[in-house]
Amino acid sequence: MAGYKPVAIQAYPVLGEKITQDTLYWNNYKTPVQIKEFGAVSKVDFSPQPPYNYAVTASSRIHIYGRYSQEPIKTFSRFKDTAYCATFRQDGRLLVAGSEDGGIQLFDISGRAPLRQFEGHTKAVHTVDFTADKYHVVSGADDYTVKLWDIPNSKEILTFKEHSDYVRCGCASKLNPDLFVTGSYDHTVKMFDARTNQSVISVDHGQPVESVLLFPSGGLLVSAGGRYVKVWDMLKGGQLLVSLKNHHKTVTCLCLSSSGQRLLSGSLDRKVKVYSTSSYKVVHSFDYAASILSLALAHEDEAIVVGMTNGILSVKHRKSEAKKDSLPRRRRPAYRTFIKGKNYMKQQDDILINRPSKKHLELYDRDLKNFRISKALDRVLEPSCAIKTPEITVSIIKELNRRGVLANALAGRDEKEISRVLNFLIRYISTCDWSVTCS
């Protein structure tokens with residue numbers, strides 16, 4: 001073996017997913033719990049107050065779930081037709097929802113019958129929300145109108161008729177009780193001021209608007225429709241800051257993390273994208289089994305709840321921190337025990353005795369040593385080698401080419417053996433490190 005030098009296998013860097021703080025944070029959820037609802041889950045909303053229950057709107061019912069319950073703890077079913085957009089008030093005591101017949105119902109969480117009913121819309125009411133003062137409700141419907149209602153008197157205060165198509169989404173400012181935003185299928189997003197009886201800002205999203213979201217500060221507005229998520233600066237009169245196109249199908253819902261530093265969007269392409277609100281780049285992504293209609297995050301991002309078109313409600317809870325082992329661990333030898341004498345320097349009077357190490361050749365090296373070039377090539381083209389360690393196959397092909405015997409190694413092969421060579425070349429010809437060799 002003294003005259004043979006083994007083939008040097010060149011190592012290549014292994015490319016993998018880059019592990020970031022966002023990856024660790026958003027992967028720290030348990031296996032999802034799946035709950036079957038009566039129809040497509042059109043809305044999920046968490047109560048802002050403890051115990052942070054959440055309302056699920058599906059078909060003609062509204063279910064209230066506890067944080068860890070898989071069965072509803074309360075059900076509101078006083079709807080003649082499909083219910084929409086059940087939303088909690090800021091104190092968590094009241095719940096408002098629209099319906100297909102154009103009615104709006106207000107519920108007390110501790111009761112079952114509606115406290116108030118607002119009649120005025122002539123078509124389905126798809127969006128409702130409480131204003132910041134807690135005493136008014138804003139609604140948008142398929143009759144192209146936006147209405148403001150007074151809760152104590154159950155009366156309509158204002159009606160806005162500036163949209164020219166279905167009003168399917170909206171939200172109220174958390175700071176100013178007179179400001180609220182609506183999005184419509186006429187491609188526009190409008191901010192209304194109850195003091196002026198008209199819209200004060202109008203922006204064109206360019207697609208039918210499915211969801212809108214105001215940042216807690218009220219300075220930024222996010223709209224979703226088509227494949228686009230757009231961010232607008234409301235302090236500059238609705239100036240477009242960024243347009244995101246990371247989904248393959250219509251974006252249906254938006255959500256902010258508890259810190260406000262991450263924006264989440266759900267889509268019919270069955271994905272939830274997580275964006276950084278500083279760079280507006282995707283920092284994480286979730287995959288689901290069906291098209292997504294609704295999305296909500298619990299307090300402190302403790303749980304993520306997603307509603308889908310097939311009536312499945314997916315609930316992921318954050319993993320609890322691992323408890324420290326209370327039992328005293330058995331003491332093991334210190335690190336210095338294992339490296340003792342490793343760095344010892346030979347003294348003048350010491351005699352150094354080297355133990356000869358026996359080197360073993362790999363099977364393909366033995367074949368090359370004995371000039372069995374076809375056998376060596378067959379050995380590295382076996383699936384166990386070509387798939388698991390393709391760098392060895394590439395190195396042997398390079399060595400045969402360097403010796404000028406690659407053509408001889410390929411000669412005399414039948415169709416099955418040639419197909420094995422071609423399959424390897426097709427698999428790895430696009431790999432940058434090996435493209436020259438494979439071509």
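Aspartate 178 is partly exposed, at 22% relative accessibility, where partly exposed lies between buried (under 20% relative accessible area) and exposed (over 50%), for a 1.4 Å probe and protein chains only. The model is predicted, so local features need pLDDT of at least 70 and side-chain atom pairs count only at pLDDT 80 or more, while totals for chains, interfaces and linings use all residues. Residues are numbered from 1 along each chain as its sequence is written, and side-chain values use heavy atoms, with hydrogens and water left out.

**Salt bridges**

The whole structure contains 14 salt bridges, each defined as a side-chain nitrogen of Lys or Arg within 4 Å of a carboxyl oxygen of Asp or Glu. One of them joins the side chains of aspartate 178 and arginine 195. Aspartate 178 sits in the loop between strand 14 (167-172) and strand 15 (179-184), and arginine 195 in the loop between strand 16 (188-193) and strand 17, so the pair ties together parts that are 17 residues apart in sequence. Helices (H or I, at least four residues) and strands (E, at least two) are DSSP runs, numbered from the N terminus. Arginine 195 is exposed, with a relative accessible area of 54%, whereas aspartate 193 is buried at 7% relative accessibility. Salt bridges link Asp178, Asp193 and Arg195 in a network.

| Aspartate 178 | Arginine 195 | 3.5 Å |

Strand 24 (residues 271-276) is mostly covered, with 5 of its 6 residues buried. Strand 24 runs antiparallel to strand 23 (residues 262-267), and 5 bridges join the two; strands count as paired if DSSP finds at least two bridges between them. Tyrosine 275 in strand 24 stands opposite leucine 263. The hairpin of strand 23 and strand 24 has 3 residues between the strands, and arginine 270 takes a positive phi near 70° there.

Strand 24 also pairs with strand 25 (residues 282-287), again in the antiparallel sense and over 5 bridges. Valine 274 has histidine 284 in strand 25 as its bridge partner. In this hairpin 5 residues lie between the strands, and tyrosine 280 in the turn has a positive phi of about 55°.

Residues 118-159 are 0% helix and 55% strand, and their end C-alpha atoms lie 13 Å apart. Residues 244-285 are 0% helix and 55% strand, with end C-alpha atoms 15 Å apart.

Serine 139 belongs to strand 11 (residues 136-141) and is buried, with a relative accessible area of 1%. The side chain of serine 139 makes a polar contact of 2.7 Å with the side chain of histidine 121; such a contact is a pair of N or O atoms within 3.5 Å, and within protein one must be able to donate a hydrogen and the other to accept it, residues adjacent in sequence counting only if both atoms are side-chain atoms.

**Helix 8**

Leucine 422 lies in helix 8 (residues 415-428) and is partly exposed, with a relative accessible area of 45%.
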